Structure formats: structure tokens, C-alpha cells
Amino acid sequence: MLVLVAPGQGAQTPGFLTPWLELPGAEDRLRVWSAAIDLDLVHYGTDADADEIRDTAVAQPLLVAAALLSARQLFPETVDMAREVDATAGHSVGELAATALAGVLSDEAALELVRARGLAMAEAAGITATGMSALLGGDPDTTIAHLEKLGLTPANVNGAGQIVAAGTLEQLAALEADKPEGVRRVVALKVAGAFHTQHMAPAVEKLEVATGSLVVADPAVPYISNRDGQAVSTGAEIVTRLVGQVANPVRWDLCMETFQERGVTALIELCPGGTLTGLAKRALPGVKTLALKTPDDLDAARTLIAEHSSTAE
């Protein structure tokens, strides 16, 4: 059983798309997408520096474009992805890529929606000084109770001993001074605001408007939602969840539990891979993992698909 996943914000690094644009047709595809969303994805994926691509309004569409670009190299139009992939999911903004992979939205519609999402979340983040910090180690129940005591939200419950807290900068400073029992480290993340919390409520309102005219299909590939780790069977419900998820915690731990319950044997993380495969290695022992970092990883990914797709002989 093969799962295809897309990473979330923070996975991007300067120049990470440069080798991908050497592939036939890749740069042309990216330029078409750039024109559709009025954002120069080629520049941001190749020449922009770390500060430029940290901007929420840039990072989110760039990550979705990267995931889709690598997926379309792995599964060209002549390949029926629904026959090769047994489930798909994305972490936070990666869910927008997963909607296209599942056939719920077209690539262009997913990119237009993530462009609106990034702009709306960047605007919401400017209202109050907020941020996010990763907590490593500790018992999840103990950690979450401690965060709630400090007024913080467990915005990402990632499994494998990792929870990301979000809230005001004052609340995060209090967390640094008073770590939950068992937590080894608290690491401030380089993000613009408290994503997946009540601070993003203004962005939800804007996204509700942005999704009103979308052409939506039911998923051809099983889609696992960040809300509760459950498979969602209708496109309309997936889009509703995408909107609400902006202001609600990401439960990647529950997504991985669902992968395990479904009998996952291999997991491929799309470009820029690494974060989700790292979590899977700790939380899903025995599952083969592969991160698509550069085109050099494509052949190994194709081999993994041939060996672990449910249609493999």
C-alpha cells in the first residue's frame, strides 16, 4: 500500500527548484502556473533568498507548486495515478497539493486557492504579533495540557514526539521559560504567525468567499484529512475542511495512524521532501520511505511505486 504526501510550510529552501527546472517541460509548466496566480514561481524557486521565500504569501503557493511539479514528473498524464497510489495527504498547506493529486481540484485551481490562502493568512498574521514553536519530546497529553494552561494552541500534533505550539509572542516566551515536563527543547519556528489557531479566523472568512466558484470533483484517490486523520469521500466536504483547517490544529499524528490502519507499506514525500519522511521513520516502523528532494530521486521513487502499489504484481 503506497501513500503519497506533500510537505507543509517551512520545508522550502533557497534554490530548491533549480534542478527540477532542468527537466523537459518543467519550467514551461511552472511559468504557466506563475501567470495564473500572478506570482513568479520560477524566481522564487531558484533565485530568491531565504527571507523572500519565508513570506507566507510566497511560501504557500511555492510549496504546492513544487509538490505538483514533482508529482507530474513521477506520474505523467499517460499514467493513471488512481491505479498506482492508495492514499494521499498533505501537511497543512500540503493539503492543497493533495486535493489536486486526488483529483478534487485541477492543478490550476489548487494553486489559485493556495495563493488566496497565503495572502489571507499573511494578512491575518499582521493583526497581532504571534508565532509558533516546536516542542521535542515529552508526553503528548501532558504537553497539550501545559500549553492550554499558558493559553497556547497545539497547532500541529505531528506524532513521533513532536508538537508545535502557537500563540502570541508573550505566550511563547512564557513557554520557553516554563517547558512542559519531559520536553527536551523548545524551538522557535521562522513563520509569520500563529497558523491553525483562532488568530487565523479572518483568513477563514476570505477563503469561504474564494471557494465559492470552485469546480470540485469527488476524490479518485483516497484523501486523508488533517482535521481528524479520516478519509473524506466527497470533494465538497474536502473543500469545506480546507477552509476551516486554516484556524484549526493539524493532526498529522492521526493521519499517520490511518496510514497504518490501512496497511501502508511505503510512503513517498513530494518535493521538497524530508520532514514528513522523518516523522514516518519514527512513527511507522517497517514502512519504506522516500523523500523527493531532486530529480535524482525519481528513479528510486518509481521503483518503490512498482514494488508497493496495490496494483503491483
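The model is predicted. Helix H13 spans residues 275-283 and has five named buried residues, Leu276, Thr277, Gly278, Leu279 and Ala280. There are two cavities of 30 Å³ or more. Rolling a probe the size of a water molecule over the atoms shows where empty space is left.

**Helix H13 and its cover**
- Leu276, Thr277, Gly278, Leu279 and Ala280 of H13 are buried.
- Strands form part of their cover, including S1 (2-6), S4 (153-159) and S5 (162-168).

**The largest cavity**
- The largest cavity holds about 40 Å³ of space.
- Its lining consists of Leu96, Leu113, Arg117, Leu207, Thr211, Val239, Leu242 and Val243.
- Two or more lining residues come from each of helix H7 (107-125) and helix H11 (235-245).
- H11 gives the most, with three residues.
- Six lining residues are nonpolar, one is polar and one is charged.

**The second largest cavity**
- About 30 Å³ of space lies in the second largest cavity.
- Ser92, Glu95, Leu96, Arg117, His196, Leu242 and Gln245 line this cavity.
- Helix H6 (94-101) and H11 each give two or more residues to this lining.
- The lining of the second largest cavity has two nonpolar, three polar and two charged residues.

**Residues in both linings**

Note on methods. Residues are numbered from 1 along each chain as its sequence is written. This is a predicted model: local features need pLDDT of at least 70, side-chain atom pairs count only at pLDDT 80 or more; totals for chains, interfaces and linings use all residues. Side-chain values use heavy atoms; hydrogens and water are left out. Buried means under 20% relative accessible area, exposed over 50%, partly exposed in between (1.4 Å probe, protein chains only). Helices (H or I, at least four residues) and strands (E, at least two) are DSSP runs, numbered from the N terminus. Contact means heavy atoms within 4.5 Å. On a 1 Å grid over the protein atoms alone, a cavity is a set of points where a 1.4 Å probe fits but cannot get out, and a pocket is an open set with protein on both sides within 12 Å along at least five of seven lines; lining residues have an atom within 4 Å of a point. Grid points are joined across faces, edges and corners, and a volume is the space filled by probe spheres set on the points. Ala, Val, Leu, Ile, Met, Phe, Trp, Tyr, Cys and Pro count as nonpolar, Asp, Glu, Lys and Arg as charged, and the others, Gly among them, as polar.
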